[in-house]
Every structure is written in structure tokens, then in C-alpha cells.
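Please read them with the coordinates open.

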Amino acid sequence: MSVEKTSSRTANRGPGTPHRASIAHNDADYQRLGLAREQVATWEDGARTDGRRGTYEWWYFDAHLDNGAKLVVIFMTKDLSAPKKPLSPQIRLNLDLPDGRSYAIVKDFPAASYSASTKGADVVIDGNTFAGDLSHYEIHAEVDGIKVDVTLDAQVRPWRPQTGYLVFGAERDLEFSWLPSVPQGSVRGSYEVESTRTEITGIGYHDHNWGNVGMMSIIHDWYWARGQAGPYSVIASYITAHEKYAYEPIPIFMLAKDGQIVADDASLVNFEATDIRTDPKTGKPVATLTTYTYDDGTDRYVVTFTKHRDLLANTFLEQMSGWRKAAARLIRFDGAYLRFVGELRIERQSPDGHVLETHTDEAIWELMYFGHAR
């Protein structure tokens, strides 16, 4: 079955919505948060939470490698499905090899093994490290027999969507925050699998997320994607708020050419998800095509992600155990996470729709689903 999702600029937000969901962007927001509008400071990639109950935080890295492999490494203060837990550090590592082998590892560690600086990204979990200064990063992770040692050097300056703080509720005090510290960078290093070490190069990305409220209570679902094609690199996301916020859409978009940002006003973006089918494992509606169209009257870009296959399709429930799993079943919690690989197409068009240039490449993107399928 094919269904088209309403575009971000025309979505029905519902009459009489009691609370709103938006990105903090007023002068008072920047002042309150100690942020500059046009510059990201090194400390912003440092620890923003202390691991207490109700908070969560993670540092994310992914790479498309020149040998065809795909790598994801995430350092987390706790599992996203349990934000009310105390500090419970975790490392997630996904490695898809050119020969078809695929590894998806989730490893928990003692709270005492975690440390993180507030001055910049300098995270340690049981000897594994994720450290950098917005321009150069070094990541070392060794979990369940897989060893990764990589460097990431920025090719596009750090960026955030306005303040980067998504705020929810009447008091705007419920927060989920996002900082794309390295929208695109060059990757070098190695991975080791079954005692065989492989030297690697490629293109990578790093972002940093944190919050003070469980995402299940503020967000219904999101599409998130990033990629590179020709001289362009893109970060694109379409976040749908929880039902209590009338499924308010929050689009995010950044397009850079030759390392310089050329478009990042999400209010000028229309989003469409088409050829939607129900995923047989998770039961979630998944679009084959997701399209972000940016049009400011002078520049028009059409960015399309076409799904070729799944890299992951997991329910949150299958990753739980014991009482937490039983409790989740009682409340009918059925969150899911899906990651896809396919084609990224970036078109630059004239205002009348004439195609001026087209670039394509492979990309990875995700669908995070916290709520029930609508």
C-alpha cells in the first residue's frame, strides 16, 4: 500500500492544541542557554547531563567506508528505553562488512567505569574512549571481540538547528537536544574482527544528543538521515511530536556544498514520505521514499532517500528483559528502531523546477518509532 505523508509546511496541527513542540530559537533562549547564534563552542560537545534519573545522553559516530563497510559507534549514559534509571553506561556498535557479515552489539558497563568532561567531548566507558574538539576526534571501542580505532576530521563546520534544543510543554522545560558536531568528516583507522585487522578510510559523521525527559513521552517518531553526494552533504530529519502535542511536525535540514552551508532554514522545507508499507517484524509503517524539498524562491533543492534494504529492524521489547520487559508489555509499549541503506539523490533546480545538477550516492538513514502506529 502506498500512502503520502502530509508535508511539513501544510500539516494539520490540530485546533486548540494546549501545548506546543518546537525548537528554541528566540534571543532569550540563546541567552538562557549561553549559546551564540552563528558559532558552536567546544564545550557544547561536552557532557550536558550527569546521568541522574530522568536524563540521558549519547555521542554518536557513523561512517561509510571506502571498502563498502558501514560502521556505527554510540557511547550512551543509559538505554533510551529506560531514562529513569540511574547512570547505566552502554556502548552500541554496528558493523556491516563487505562480505555480508553483520554485527549488532549492545554492551552494558558499570556506572563507575564512566567519565565525561564538561569542557568538550572526552568520554570514557571502561577504557573505551570518544574524544575530540569539533575538528578532530579519536574513537576507540573494543566490545565482544570487535575492535575499532578511528579518527574523524571535520570537513564541514559544526552546526545546530538554531539552539539545538527541542522544547515541549506549556513551560517549555521538557527538552531533547541535538548537536551535529561534525556534519561530515574524513575517517581513517582500522577495525578488527575475528583477529583480522582491516585498515580503513571513508566519510563519517558525529552528533551529540541529550535530554531531561523520556523521549517516549514527547516524540511519536522520527526519520533521520545524513549523506554525501558529489560536492554536497546533507543532514535531514522529520520529527513528529507525541499525540499530546497534536503530532506537531519539527523538520530539520542542513545542506552544504564544498564544505560551506548553503541551506539550513527548515521552515522552507517540505517533507514527503511515499510508498509506505508495513514492516513485517516491527509492524511500523515504513516509507520507501522520503523527500525533503527546500525552496527559498531562488534556490531549490530536492533531496530524496530511496530505501533498498534494511540494515536493522528491531523492537525495543526484544532488547529488554526481566521486569522491564513485563512492564512494557503491560502498557503495550511497542517502540521500534529501523535503519536502512539505499540511494541518496540531491538535485539543484531552477525556481521553475528545471534540473540544473544531480548527484547520487549510497546513504544510511533511520526511523525511530516510540508510539503506536497511527
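The points below cover the basis of the model, aromatic pairs, salt bridges, charge and backbone.

1. Basis. This is a predicted model: local features need pLDDT of at least 70, side-chain atom pairs count only at pLDDT 80 or more, and totals for chains, interfaces and linings use all residues. Residues are numbered from 1 along each chain as its sequence is written, and side-chain values use heavy atoms, with hydrogens and water left out.

2. Aromatic count. There are 22 aromatic pairs. The rings of Phe, Tyr and Trp (its six-membered ring) pair if their centres lie within 6.5 Å; planes under 30 degrees apart are stacked, over 60 edge-to-face, and the rest tilted. W159 and W178 have ring centres 6.5 Å apart and planes at 90 degrees, so this pair is edge-to-face. The pair links distant parts of the chain. W159 sits in the loop between β10 (146-154) and β11 (165-168), and W178 in strand β12 (residues 174-193), 19 residues apart. Helices (H or I, at least four residues) and strands (E, at least two) are DSSP runs, numbered from the N terminus. Both W159 and W178 are buried. Buried means under 20% relative accessible area, exposed over 50%, partly exposed in between (1.4 Å probe, protein chains only).

3. W222 and F370 lie 5.7 Å apart centre to centre, with 75 degrees between the planes. W222 is in strand β14 (residues 219-229), while F370 is in the segment after β22 (355-369), 148 residues away. W222 is buried at 6% relative accessibility. F370 is buried as well, at 4%.

4. Aromatic cluster. Which residues form one aromatic cluster? They are Y223, Y238, F271, Y292, F305, F340 and W365.

5. Salt bridges. The structure holds 20 of them. The criterion is a side-chain nitrogen of Lys or Arg within 4 Å of a carboxyl oxygen of Asp or Glu. R37 and D27 meet at 2.7 Å, N to O. R37 is in the loop between α1 and β2, D27 in helix α1, 10 residues apart. R37 is partly exposed at 43% relative accessible area, whereas D27 is exposed at 56%.

6. Further bridges. K307 pairs with D310, the closest N and O atoms being 3.4 Å apart. K307 is partly exposed at 22%, and D310 is partly exposed at 32%. R345 and E343 meet at 3.7 Å, N to O. R345 has a relative accessible area of 31%, E343 one of 25%. Bridges with shared partners join D29, R32, R172 and E175 into one network.

7. Negative patch. E38, D264, D265 and D296 form a negative surface patch. Patch residues have over 30% relative accessible area and no salt bridge, with like charges joined within 9 Å. Asp and Glu count as negative, and the charge is placed at CG of Asp or CD of Glu. Areas come from the Shrake-Rupley method with a 1.4 Å probe. E38 lies in the loop between α1 (27-33) and β2 (56-65) and is exposed at 65%.

8. Backbone. Q162 has a positive phi near 55 degrees, though it is not glycine. Q162 belongs to the loop between β10 and β11 and is partly exposed at 38%. A246, also a residue other than glycine, has a positive phi of about 60 degrees. A246 is in the loop between β15 (232-241) and β16 (249-257).

9. A spatial contact to check. D149 and R188 are 39 residues apart in sequence and 8.5 Å apart C-alpha to C-alpha. D149 lies in strand β10 and is partly exposed at 29%.

Technical notes:
Patch = residues over 30% accessible without salt bridge, like charges linked within 9 Å, V, L, I, M, F, W, Y side chains within 5 Å.
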